[in-house]
Structures are given as C-alpha cells and as structure tokens.
Amino acid sequence: MTASGVYQLIFTHAMYDVPILQKIGKSFRLNVSIRRAMLSEEGGWAEVKLTGDDEEIGRAIAELQTTGVSVTGPLETAIEPD
C-alpha cells in the first residue's frame, strides 16, 4: 500500500557531507522530497516527505536512526504547498 508522511530529520554538523537522503532514495523504494531545511554551525534539520510502501518507510527510518539521525514523525502539522 502506498503511503506518505512528512518527517523531521535532525543531524549534526559532522554529517553535512554525508549523502543521507541520497542513500535512502537509492536503498529503499521511496520518493524523497525535501520540504524545508536549515543548517547552522551546530547542526541542522530537514523536513522531508517520504512516499512509498509503509514497510519501506519504516525500514528507511530505522536505517536513518542507525546513522545518528534523529527522526520525528510523521508530522501532523506539515506545511503543504499551495
């Protein structure tokens, strides 16, 4: 069953050069869309929409968490484009 949800990913500054979302897009059968993001000297966050099978989304989130990324979601108050 195809599902989608918006998730907030929080990561450290040391992870800026790690292609986290590229790996998720290639390793799992998902569409990954960046909605919003912010980077600073301390770290950053990204709000991403994951679309695909529920199990694939769950596996991708588990993989992100093993890399040190903090994942929150799906977000109920995600901003939808006009």
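The model I am reading is a predicted one.

**Entry: sheet**

I looked up the strand order first. The sheet is open and has 4 strands in the order β2-β3-β1-β4, paired antiparallel. β2 and β4 (70-72) are the edge strands, each pairing on one side only. From one strand to the next I note an average twist of 25°.

I then went through the pairings. β1 and β3 run antiparallel and are joined by 11 bridges; in this context I found I10 opposite W45 of β3. α1 packs on the sheet and touches β1, β2 and β3, with its direction at about 170° to that of β2. Helix α2 (residues 54-66) also packs on the sheet, touching β1, β2, β3 and β4, and its direction makes about 155° with that of β3.

For β2 and β3 (residues 43-53) I found 9 bridges, again antiparallel. R36 has E47 in β3 as its bridge partner. The two strands, β2 and β3, form a hairpin with 3 residues between them.

**Entry: largest pocket**

I looked up the volume of the largest pocket and noted about 200 Å³. Which elements each supply at least two residues of its lining? I found β1 (2-12), α1 (20-27) and β2 (30-39). The largest share, 3 residues, comes from β2. Residues I noted in the lining include L9, F11, M15, Y16, I34 and V69. By class, I recorded 12 nonpolar residues in the lining, with no polar and no charged ones.

Methods:
Residues numbered from 1 in each chain as written. Predicted model: local features only at pLDDT ≥ 70, side-chain atom pairs only at ≥ 80, totals over all residues. Heavy atoms only, no water. 1 Å grid on protein atoms, 1.4 Å probe; cavity = no way out; pocket = protein on both sides within 12 Å on 5 of 7 lines; lining within 4 Å. Points joined across faces, edges and corners; volume = space filled by probe spheres on them. Nonpolar A, V, L, I, M, F, W, Y, C, P; charged D, E, K, R; others polar. Pairing = 2+ DSSP bridges. Axes fitted to C-alpha atoms, helices over the stretch in contact; angles between N-to-C directions. Contact = heavy atoms within 4.5 Å.
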